[in-house]
Amino acid sequence: MAGSDRFSLKGKVAVVTGAGSGLGEDLALALAEAGAGVAVGDRNGTLAEAAARRIRRRGRDGLGVEADVSRTEDVDRMMAAIEERFGRLDILVNNAGISIPAATLDAPLEVWQRVFDVNSTGTFLCSQQAGRIMVPQGGGCIINIASVYGHVGVDPSVSHPPGNPTREDLAYSASKGAVISMTRALATYWAEFKIRVNAISPGMIRTERLKTAVPGDTWSRLIERTPLKRPGTGEDLQGAVIYLASDAASFVTGQVLCVDGGWLAW
Ligand SMILES: NC(=O)c1ccc[n+]([C@@H]2O[C@H](COP(=O)([O-])OP(=O)(O)OC[C@H]3O[C@@H](n4cnc5c(N)ncnc54)[C@H](O)[C@@H]3O)[C@@H](O)[C@H]2O)c1
């Protein structure tokens, strides 16, 4: 195989969680464009089906499934629907993730638990269920969406001015750190099954939702802090996911690819 063929996902089947909107949808569309049949999982079934329809409109195979990654029964149902429709699963992208900002000194335990339930436990549950398909099938790959905040602390002067701790999100950072550790540990456990496990750590990505959810002056500070002096877009992550899912990355496992405009370079 030569050249761009090594990046082709023709004949492969992928699932992207939390792909009804935001970055997950961009990742699902990229995998479909590269040739994969794609299942779009989302806790919002309407969004999942709409994204799957967009994939089908591009002439690719798309399946929408309503599934909350923190619920075992939902994950089971999602994987069963994928097996029934496609008969296999080659690529799992654990993208579903949430953030619940709260001042650390006041945050109720429920906030910590919910963020971990989705970001870390959800990644575990989907990986476990995907593994139950991939192991007997002879291999596959898992790509976890982590965050630069799983690597380093948050600079308060950038994301929330001092004196305003309500933007803190300790659970988010800790849960993404867990995702990075899980990536490395699972990569070594499942190498014998020919399942590669890698992660992508996005930096500041200006999705439609964050365009309005994050105030303009905060965006200015985030951009100033980013060496490439711009926010990322969903498109910036598309090449990374195709690469890690494809045969071009067949000797790559246990790695974290940071797509962050240089955020972690200083
Ligand atoms: N946007 C960024 O700047 C950025 C930066 C670093 C990391 N990330 C990570 O990228 C991923 C996607 O982020 P985003 O900004 O697109 O998020 P988003 O909030 O815009 O979209 C998340 C999608 O996931 C779905 N979802 C939420 N909880 C779910 C659950 N329990 N089960 C299934 N689906 C669920 C939502 O319905 C939504 O469609 C997350 O893991 C996030 O932590 C984002």
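**Surface patch and salt bridges**

Analyst: Leu109, Trp112 and Leu170 together make a nonpolar surface patch of about 310 Å². Patches consist of residues with over 30% relative accessible area and no salt bridge, where like charges are joined within 9 Å and nonpolar side chains (Val, Leu, Ile, Met, Phe, Trp, Tyr) within 5 Å; accessible areas come from the Shrake-Rupley method with a 1.4 Å probe, and for residues only the protein chains shown count as cover. The model is predicted, so local features need pLDDT of at least 70 and side-chain atom pairs count only at pLDDT 80 or more, while totals for chains, interfaces and linings use all residues. Residues are numbered from 1 along each chain as its sequence is written, and side-chain values use heavy atoms, with hydrogens and water left out.

User: Is Leu109 buried or exposed?

Analyst: Leu109 lies in helix H4 (residues 109–137), helices (H or I, at least four residues) being DSSP runs numbered from the N terminus. Buried means under 20% relative accessible area, exposed over 50%, and partly exposed in between (1.4 Å probe, protein chains only). With a relative accessible area of 53%, Leu109 is therefore exposed.

User: How many salt bridges does a search of the whole structure find?

Analyst: Side chains of opposite charge can pair when their charged atoms come close. A salt bridge is counted where a side-chain nitrogen of Lys or Arg is within 4 Å of a carboxyl oxygen of Asp or Glu. On searching the whole structure, the number of salt bridges found is 14.

User: Which residue forms a salt bridge with Glu25?

Analyst: The closest N and O atoms of this pair are 2.5 Å apart, and the partner of Glu25 is Arg54. The pair links distant parts of the chain, 29 residues apart, with Glu25 in helix H1 (residues 22–33) and Arg54 in helix H2 (residues 45–57). Glu25 is buried at a relative accessible area of 14%, whereas the partly exposed residue, at 31%, is Arg54.

Note on methods. Helix = DSSP H or I, 4+ residues; strand = E, 2+ residues; numbered from the N terminus.
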